[in-house]
Amino acid sequence: MKHIIVVAMLCLTSILSAQVTVQGVVKDSIGTPLELANIIAINKATKAMASYAISNDQGKFRLDLQDNTTYTIQVSYIGMKSISEELTTKEENITKDYIMQTDNALAEVELTYEMPVTIKGDTLVYNADSFKDGSERKLEDVLKKLPGVEINDDGQIEVEGKVVNKLMVNGKDFFDGDSKLATKNIPSNAVDKVQVLRNYSEVNQLRGVQNNQDNVAINIKLKEGKENFWFGDVTAGAGLATNKDLYIVQPKLFYYSPKYSLNVIGDLNNIGEVALTNRDLRNFGGGFRLPSQSSGTSIDLGNNGLSGLTNLGNAQEIVTKLAATNFSYAPNKNLDLSGFLIYNSSRLRTREESFVRYINSDLGIPDEQTVQTGKESTNQGLAKLSASYKPNVNNQLDYDLLGRISSESERQNELSTVVGNTNQLSEVKPYSINQNLNYYYTLNENNIFALEAQHLIKDEDPFYNALLTNNPDNDPDDPMDQDAFDNTALVLGFDRDQLQYNLNQDRRIKSNQLDAKLDYYYILNKKSNINLTLGTIFSNQKFNSNIFQFLDNGSFFDPVASLEDEDGNLLSNENDTEYNFSDVYLGLRYRVKTGKFTITPGLSLHAYGNKNTQFDVEYKDNFFRVLPEFETLIQFKKSESLTFTYNMRNAFTDVTRLAEGLMLNSYSSISYGNPELQNSLSHNLSLRYFSFNLFNYTNVFAFANYSKNVDQIRSFTNFDNVIRTNTYFNSNFADESASVFGRVERTFKKIRARLGVNLTYAKQNQIVQGERTVNESFSQRYIPELRTNFREAPNVRLRYAYSITNNDQGSTSTRFVTNAPSIEFDAYIWKSFTLRTDYTYTNQDDGERPSQSFQTWDASLAYRKDKDAKWEFEVKATNLLDIDSNVSNGSSAVSVFNSETFIQPRFVTLRVIYSL
């Protein structure tokens, strides 16, 4: 690794040492600096664009060029005569200004090349071909090379640190949800322009009365010739691995015309290459956003699907199927119809070995070593239909319908040094229907109305079963001789005179929620407006559960628990709870622009109603609360701003934390709720800064957040061996969290340097074994990176991820250090071969045991006759070093853990790709 980095740096140094800088100022005829003028340098001999620049607010520009070379310099600006001059570089830097003359006619000079980057108001336009070197295959390969654009570790697109929440192709929605489907499937050779839409608003009528600085969308403009024709590619491949035949089939077809579009994506493989994981699909929102998201109220409806959905990188075997289609149709200029249909199926096999050490030895909790093997099966289906009707500029009506259904199961065998052998089964078949209705009406230039309503129905039915070995020769009442689960079985009321404990639990959670609001905007003048909001949230949840036992002879046994809560009340193995929540609120905001400042103070008055009914007993909590908010945006210049935000939020829990009966989260985790649980209140402050400077190719953004929680919902936790029982309470002790996240990126000639920093502090209170514990954690993550951007030469990315996590649990503290250097290399060789490889070395150290490390190395070699060839042949290898497992370390409030997760072996496949 060290030698590779040294060689790469020497090559970079030799290439860059022969460059000189041309800089100056672009002015008009009276000497006024011109901002956003375009300057292009074209190599006279090769006719290729060598460098480009955009002048800053002082008219300054800078070009990085080769020495002893002749260039054609072209300068253009809207409304000015374009300039074209020859410039020959020597070995010294050059300073040269350009004076432009007014011209209302067409420019006399025909520009030979498009600018790689242009700015049009809030839209940043990248010319994709300016950043391609021939090694790209999918949209994500192009996006990674654009300044200011990042693909994060979750596969999401980030622009200036903000996650892109909408992606379109030729102005049409592309699977209105997770952008990963676009980045991993749209072919790079179809991409003409990448348009970054900052301050994006889906409703033109509200563009001037709302603060949209956090909204970023991307529109992919296709190349000419891609409209009215099918394009895309079909991949088919096979390979060999130990005791296994490998296969992959991936058709990806796209059709776009001005009137309609159709996208078809398929995937069938057993090598773990997927466009969407189970977690992605579970979080796939389809573009839905709650009307109340800025009201100051949040209510958690819970998620009762499988809690242990495995990251695909942590599975030994992966078999997936995906079928997805997306369409849009415009029968006339006023009506747009769109939708998608997604089916995903996956089968996973997993293995994990872990060791858990409990921090406080006085608690009497034994250390535990486990070996877990499991199988997961998931089938998921999503369907969405959308309609948007715009009869004129003053009216817009939108309707969306999203349906979701799934069938999930997980079987797990666990061998524990404390509990022994356990077999577990979890199953759930949930479904949900989400509807959204929006209407926007502009009465006149001073009055705008907006109605937004969303309705959700959700039905979840998780089932849990566990089989635990029970040694009949042991005395369950003798603490020195009993099995680890005997005491828990006693308080749950189980029959302990069995060869095994057969635990079962049925649960059913039905949720029904309406979230709606009516906004009125009164525009006082061009710089200020008033926003009045009348909104409501109505939520109803019904929860039933039952814990029961099957005896050795197969008969049903209904146990009676003897466990008591903190007040001495006997707990039940059943739940029958109905929870009704309501929030009716009136909000007022005033938005004013003055100079560089946009100031938006506001407040909302809420009337809350809470009622939960359990076994014919009602618990009510009705109250009023005023929630203030404040936001200030300072726009230093068009591409530099600072935003401060403060708000108070009320957070309400879901029905399962209110239900006072016992619930099995697993055989080793039992919980019961608190029917008198109240909401938590938080004070939230944030500071956001961003700067995008095309003069010196510098991109900077930074976020700072602080939150203080009052009456936060926390847990009482008690242990019996390694089996925990917990309930919930409103803590009188304030919890706090703070974070700073930032990234600085700058381009030096053909090298792009980046430094990312993430600092997080958290303080949490909870009660364990009757004692209050305060857990303070501070994590630091630093990621320096160098990436080249050559058009002809090979490109390399050097990255180093360094993280430190410190946890202080009072009497004990832990420290984890992770070092992960990595290198990526891609080269387009002889205009036919594409070589790509990436290598990462990860080392983890907890300061007590010898450090642990693992390595990952993937590579591929592809051949196509030229860039326009229809056929391509590729050899791809993953896990070239054939490592068995990854390792990870971490800690919780009461324990420190180390785990080894087994992964897929080395896979080598031969693939054939046909491009339409």
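A residue is called buried under 20% relative accessible area, exposed over 50% and partly exposed in between, using a 1.4 Å probe and protein chains only. The structure above is a predicted model, where local features need pLDDT of at least 70, side-chain atom pairs count only at pLDDT 80 or more, and totals for chains, interfaces and linings use all residues. Residues are numbered from 1 along each chain as its sequence is written, and side-chain values use heavy atoms, leaving out hydrogens and water.

Let's turn to the aromatic rings. Rings of Phe, Tyr and Trp (its six-membered ring) pair if their centres lie within 6.5 Å; planes under 30 degrees apart are stacked, over 60 edge-to-face, and the rest tilted. That rule gives 27 aromatic pairs here. In one of them, the planes of Phe 581 and Phe 652 meet at 55° with the ring centres 4.6 Å apart, so this pair is tilted. It joins distant parts of the chain, 71 residues apart: Phe 581 belongs to strand 33 (residues 574-594) and Phe 652 to strand 36 (residues 640-652). Strands are DSSP runs of E, at least two residues, numbered from the N terminus. Phe 581 is buried at 2% relative accessible area, and Phe 652 is buried too, at 5%.

Now visit Trp 830 and Phe 833, whose ring centres are 6.0 Å apart and whose planes lie at 80°, so they are edge-to-face. Trp 830 is exposed, because its relative accessible area is 72%, while Phe 833 is partly exposed at 28%.

Elsewhere, Phe 174, Phe 175, Phe 231, Phe 254, Tyr 256 and Phe 340 make up one aromatic cluster.

Methods
Helices (H or I, at least four residues) and strands (E, at least two) are DSSP runs, numbered from the N terminus.
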